[in-house]
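User: Could you take a close look at one part of this model for me, the strand pairing and the aromatic rings that go with it? Cut-offs included, please.

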Amino acid sequence: LKGFEGNIPNLAYELVDPSADVQGEIAIFTFVIENSDPETGEPAGSWYVTNILSPTEDGWEVIHTHYALPSDPPEM
């Protein structure tokens, strides 16, 4: 991780539109991360996030995570 030092900006973030759906032995948890500059409040990008969780003896464990950048819909 030493190579990332100084390259990751300090951002504030908010989790938006969280949703959880349990389907048998898995759960799907989705949300949007909206980043902003902590000093100015200016938007600094968003990510769509999907986590897949599996039950364990201690609770739920994330077994897969997917991040996607928002994109404009295609023109028709």
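Analyst: Let's start where β3 and β4 pair: they run antiparallel over nine bridges. Pairing here takes at least two DSSP bridges between two strands, and strands themselves are DSSP runs of E with at least two residues, numbered from the N terminus (helices would be H or I runs of at least four). The two strands make a hairpin with two residues between them. Within it, V49 stands opposite Y67 of β4.

A word on provenance: this is a predicted model, so local features need pLDDT of at least 70 and side-chain atom pairs count only at pLDDT 80 or more, while totals for chains, interfaces and linings use all residues. Numbering goes from 1 along each chain as its sequence is written, and side-chain values use heavy atoms, with hydrogens and water left out.

Now the rings. The whole structure holds two aromatic pairs, where Phe, Tyr and Trp rings (the six-membered one for Trp) pair if their centres lie within 6.5 Å, and planes under 30 degrees apart are stacked, over 60 edge-to-face, the rest tilted. F29 and F31 have ring centres 5.0 Å apart and planes at 45°, so this pair is tilted. W47 and Y67 form an edge-to-face pair, with 5.9 Å between centres and 90° between planes. That pair links distant parts of the chain, since W47 is in β3 (residues 43–56) and Y67 in β4 (residues 59–68), 20 residues apart.

How covered are they? Take buried as under 20% relative accessible area, exposed as over 50% and partly exposed as in between, with a 1.4 Å probe and protein chains only. W47 is partly exposed at 33%, and Y67 is partly exposed too, at 46%. In the other pair, F29 is partly exposed at 27%, whereas F31 is buried at 10%.

I28 has I52 of β3 as its bridge partner. The β2 and β3 hairpin has six residues between the strands, and G41 takes a positive phi near 80° there.

Zooming out, the protein has zero helices and four strands. Its radius of gyration is 16 Å, well over the 11 Å that the globule rule gives for 76 residues, so the protein is more spread out than a compact globule. That radius is taken over C-alpha atoms, and the rule is 2.2 Å times the number of residues to the power 0.38. Of the 76 residues, 13% count as buried.
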